[in-house]
There are 2 protein chains.
Amino acid sequence: MEPAAAPRGISIIVGGSATSPKGFVAGATYAGIKTPGPGKLDLGILASEAPARVAAVFTRSSVQGAPVVISRAHARAGRADAVIVNAGISNVANGTQGVRDAEEMCRLAAAKLGIEESRVLVGSTGVIGQPLPMQKIREGVPQIDLRAEGGHAFARAIMTTDTHPKTMAAQFRAGGRAYTIGAVAKGVGMIHPDMATMFCFVTTDAPVALPYLRATFRATVNDSLNMISVDGDTSTSDTAAIFANGAAGGPSITVHSPGAAAFERALRFVCTSMAMMLARDGEGAEKLIEVRIEGAETDAEARAAARTITASPLVKTAVHGSDANWGRVLMAIGRSGARIDLHRARLWLGDTLVYRGKPVAFDAGAASEQLRHEKVVLRAHLGVGSAAATAWGCDLTPEYVHINADYTT
Amino acid sequence: MEPAAAPRGISIIVGGSATSPKGFVAGATYAGIKTPGPGKLDLGILASEAPARVAAVFTRSSVQGAPVVISRAHARAGRADAVIVNAGISNVANGTQGVRDAEEMCRLAAAKLGIEESRVLVGSTGVIGQPLPMQKIREGVPQIDLRAEGGHAFARAIMTTDTHPKTMAAQFRAGGRAYTIGAVAKGVGMIHPDMATMFCFVTTDAPVALPYLRATFRATVNDSLNMISVDGDTSTSDTAAIFANGAAGGPSITVHSPGAAAFERALRFVCTSMAMMLARDGEGAEKLIEVRIEGAETDAEARAAARTITASPLVKTAVHGSDANWGRVLMAIGRSGARIDLHRARLWLGDTLVYRGKPVAFDAGAASEQLRHEKVVLRAHLGVGSAAATAWGCDLTPEYVHINADYTT
């Protein structure tokens with residue numbers, strides 16, 4: 001899926017990636033962790049050539065992978081330049097050996113880059129509870145060729161059940177200069193982020209000040225990556241990070257800079273585009289579902305209602321079958337705990353109004369047609385306030401079951 | 001599925017139903033609400049011939065069906081003798097007309113039984129947001145033949161996507177007398193109860209005092225019907241009620257009676273058996289999953305962990321594929337928010353220990369074999385305390401998607 005049309009003042013870089021911003025390099029290799037296949041990659045490094053500021057958010061699961069523990073510690077000071085990632089095996093529930101392995105991965109990347117181990121983040125994604133094949137990783141790191149064109153190889157290396165790589169870049173202008181934001185992400189199962197989603201790494205050559213970078217990234221992730229759901233299951237490895245190296249020059253961007261609005265708009269566009277790409281490529285998915293909630297009492301209730309609808313198996317199967325069974329949307333709102341006034345509420349399937357205080361007579365054929373699109377929009381006004389939220393999900397298909405019924409066997 | 005073996009002092013009544021206790025009658029008819037089919041029933045009444053005490057719990061969804069609103073009001077005084085139920089269309093989101101229709105259903109049953117309208121509960125289950133065909137219900141009620149053998153017909157009349165009726169009865173002794181508890185329930189989609197599940201009506205001829213009946217029923221439902229999940233979606237119509245008519249005689253049973261323990265044990269056995277029947281017949285399900293959590297810090301965390309595991313699509317698909325992918329169980333515990341000490345935690349698939357502070361080498365073939373049973377037991381010790389809980393769910397199959405992708409069309 002292509003990113004949505006860019007808002008005014010922001011231009012998409014055709015063929016862009018996480019290495020489109022100035023001063024970023026990346027590369028990947030096949031180390032033999034994933035099962036072999038033509039063109040497969042499973043170990044990658046993304047790095048800034050100059051010291052960068054970093055902001056990161058991680059899973060809130062009470063079971064956290066060793067890479068999350070180590071990356072959180074390394075990101076704490078706000079200074080990191082690189083991330084090393086393997087796919088195929090996630091380093092979760094491996095005891096103290098897992099922590100040692102995550103540290104060694106940082107050390108291997110740091111040695112290659114000539115930087116401190118504490119300036120490297122690490123991610124591992126795949127099956128839980130198998131030891132990392134460290135010898136393969138030790139032999140793989142030297143094979144990685146870091147280049148300014150390496151963003152696409154890195155995007156392929158971090159995939160698990162993703163059907164295609166997810167990466168992009170966009171430009172914005174601030175203070176008379178052009179800056180670039182790049183991003184790369186992977187999904188696509190165990191997706192119901194509670195803080196950040198799976199892996200999403202964002203890069204920029206804008207000189208963004210650390211406190212502002214942290215606040216803006218957290219708020220943006222909250223409205224984009226944190227608003228998607230594939231299956232309601234929250235990963236133990238969710239990690240999102242942004243690296244800002246300032247390589248495009250200019251004065252530091254803070255919340256008071258004239259360029260702040262442009263930066264925020266561009267970051268929001270990139271993160272929302274990545275979120276939609278992840279949802280659309282949900283395991284087995286054939287359709288992207290966009291849920292828009294309006295008229296909620298509070299922001300938290302709007303978000304809860306939107307996310308509960310995207311996570312509901314009954315809504316997801318109805319969309320899969322193009323079945324205009326809007327009662328399930330009401331059911332999901334009810335389950336979310338969001339307050340709703342059934343006498344004032346309104347509900348639309350695509351453009352078709354189906355409920356306004358009570359059921360509305362509508363053309364079921366036309367409504368079903370709206371559900372046949374590759375992007376399905378469900379919209380509800382809860383009739384109790386003015387808060388709004390948008391969330392993204394995907395349909396539930398027999399293919400989801402097939403993919404997950406024999407993942408390790 | 002047959003009920004589990006009865007605990008000591010409790011005997012299962014072969015072929016028992018909700019009308020097995022003395023003084024209860026039931027009946028059903030085909031009123032034309034469901035699509036026609038051989039032997040189909042869609043409208044039923046279950047009633048005590050003598051005035052009964054009632055305790056009831058309802059969905060906590062913020063979208064509640066009109067029957068829930070009316071039944072809650074009628075149950076408030078603790079006095080009700082009957083319930084009238086239709087299947088095929090659920091009376092939810094139908095505006096003020098829905099409330100009038102629910103009231104009329106109570107009135108129709110009350111007139112037939114010669115009791116006050118306020119002594120009748122009402123339930124409607126099926127598609128949300130279609131008006132009830134009241135003329136068919138008005139014509140159907142006189143066709144219902146109320147008999148002491150009518151429990152099985154009533155059990156069939158309340159089914160929607162259930163593949164078989166769910167009803168049973170068991171006897172216990174208290175104060176030298178024999179008492180009977182009967183029950184009837186329906187599922188089997190939109191099942192992740194947040195208070196009570198779908199419909200479950202329990203009857204007894206024991207003379208149970210009202211405050212004790214209420215407290216015991218609420219606690220028992222909490223550990224049985226509230227611990228099942230089919231798809232994580234909470235119904236707008238969840239209703240569980242117990243009617244106690246005292247027809248078997250004897251002194252009133254209170255919390256201080258010598259018979260209280262026997263009553264509680266029998267009630268728990270019946271409600272747990274119904275819960276397991278509902279989970280096993282989950283839409284598309286091929287296996288019952290029983291999750292036992294031990295060593296949790298608090299009861300609430302034990303319950304949350306157990307329920308999150310049963311609701312996890314990734315656990316459910318792994319069980320469907322008999323895939324010994326135990327990492328997903330850990331993931332679900334993490335998502336539930338329950339505290340876990342990964343260095344002390346233990347995990348079993350059936351009888352096979354797969355994790356003890358770190359992954360344990362185990363025979364994957366043998367573990368997979370444990371997952372091929374019709375009843376699959378997943379057990380985890382969280383290593384942080386002594387609280388425990390048990391929950392029931394089912395596997396997620398392609399058939400679940402097929403059933404729900406075209407439910408209304």
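Lys166(B) is buried, with a relative accessible area of 0%; here buried means under 20% relative accessible area, exposed over 50%, and partly exposed in between, with a 1.4 Å probe and protein chains only. The partner of this lysine is Asp162(B), and the closest N and O atoms of their salt bridge are 2.8 Å apart. Asp162(B) counts as buried too, at 7% relative accessibility. A salt bridge is taken as a side-chain nitrogen of Lys or Arg within 4 Å of a carboxyl oxygen of Asp or Glu.

The model is predicted, so local features need pLDDT of at least 70 and side-chain atom pairs count only at pLDDT 80 or more, while totals for chains, interfaces and linings use all residues. Residues are numbered from 1 along each chain as its sequence is written, chains are lettered from A and ligands numbered from 1 in the order in which they are written, and side-chain values use heavy atoms, with hydrogens and water left out.

Over all chains, the structure holds 30 of them. In general, side chains of opposite charge can pair when their charged atoms come close. One of these bridges joins Glu290(A) to Lys375(A), with the closest N and O atoms 3.4 Å apart. This pair links distant parts of the chain, 85 residues apart: Glu290(A) lies in strand E11 (residues 288-296) of chain A and Lys375(A) in strand E14 (residues 375-381) of chain A. Helices (H or I, at least four residues) and strands (E, at least two) are DSSP runs, numbered from the N terminus. Glu290(A) is buried, at 7% relative accessibility, whereas Lys375(A) is partly exposed, at 37%.

Another bridge connects Arg339(A) with Glu301(A), and its closest N and O atoms are 2.5 Å apart. Arg339(A) sits in the loop between helix H9 (327-336) and strand E12 (346-349) of chain A, and Glu301(A) sits in helix H7 (residues 299-311) of chain A, so the pair ties together parts that are 38 residues apart in sequence. Arg339(A) is partly exposed, with 42% relative accessible area, and Glu301(A) is buried, at 14%. Salt bridges also link Asp145(A), Arg147(A) and Glu149(A) in a network.

The strands come next. In chain A, seven of the nine residues of E11(A) are buried, which leaves this strand mostly covered. Seven bridges join E11(A) to E14(A) in the parallel sense, and in E14(A) Leu378(A) is the bridge partner of Val291(A). E11(A) is also joined by seven bridges to strand E15 (residues 387-394) of chain A, and these two run antiparallel. There, Val291(A) stands opposite Ala391(A). Two strands are said to pair if DSSP finds at least two bridges between them.

In chain B, five strands form an open sheet with mixed pairing, in the order E13-E12-E14-E11-E15. Strand E13 (352-356) and strand E15 (387-394) of chain B each have a single partner strand, so one side of each is left without a neighbour in the sheet. Strand E11 (residues 288-296) of chain B pairs antiparallel with E15(B) over seven bridges, and Ala296(B) has Ala387(B) as its bridge partner in E15(B).

A second open sheet of chain B has six strands in the order E1-E7-E8-E9-E10-E4, again with mixed pairing. Strand E1 (11-12) and strand E4 (53-58) of chain B are its edge strands, each pairing on one side only. Within the sheet, strand E9 (residues 199-204) and strand E10 (residues 239-244) of chain B run parallel and are joined by six bridges, with Ala240(B) as the partner of Cys200(B).

Helix H1 (residues 66-75) of chain B touches E4 and E10, and its direction makes about 145° with that of E4(B). Contact means heavy atoms within 4.5 Å; axes are lines fitted to C-alpha atoms, for helices over the stretch in contact, and angles run from 0 to 180 degrees between N-to-C directions. Helix H6 (residues 260-280) of chain B lies across E1, E7, E8, E9 and E10 of chain B, at about 165° to E7(B). H6(B) is mostly covered, with 17 of its 21 residues buried.

Finally, the two chains can be compared.
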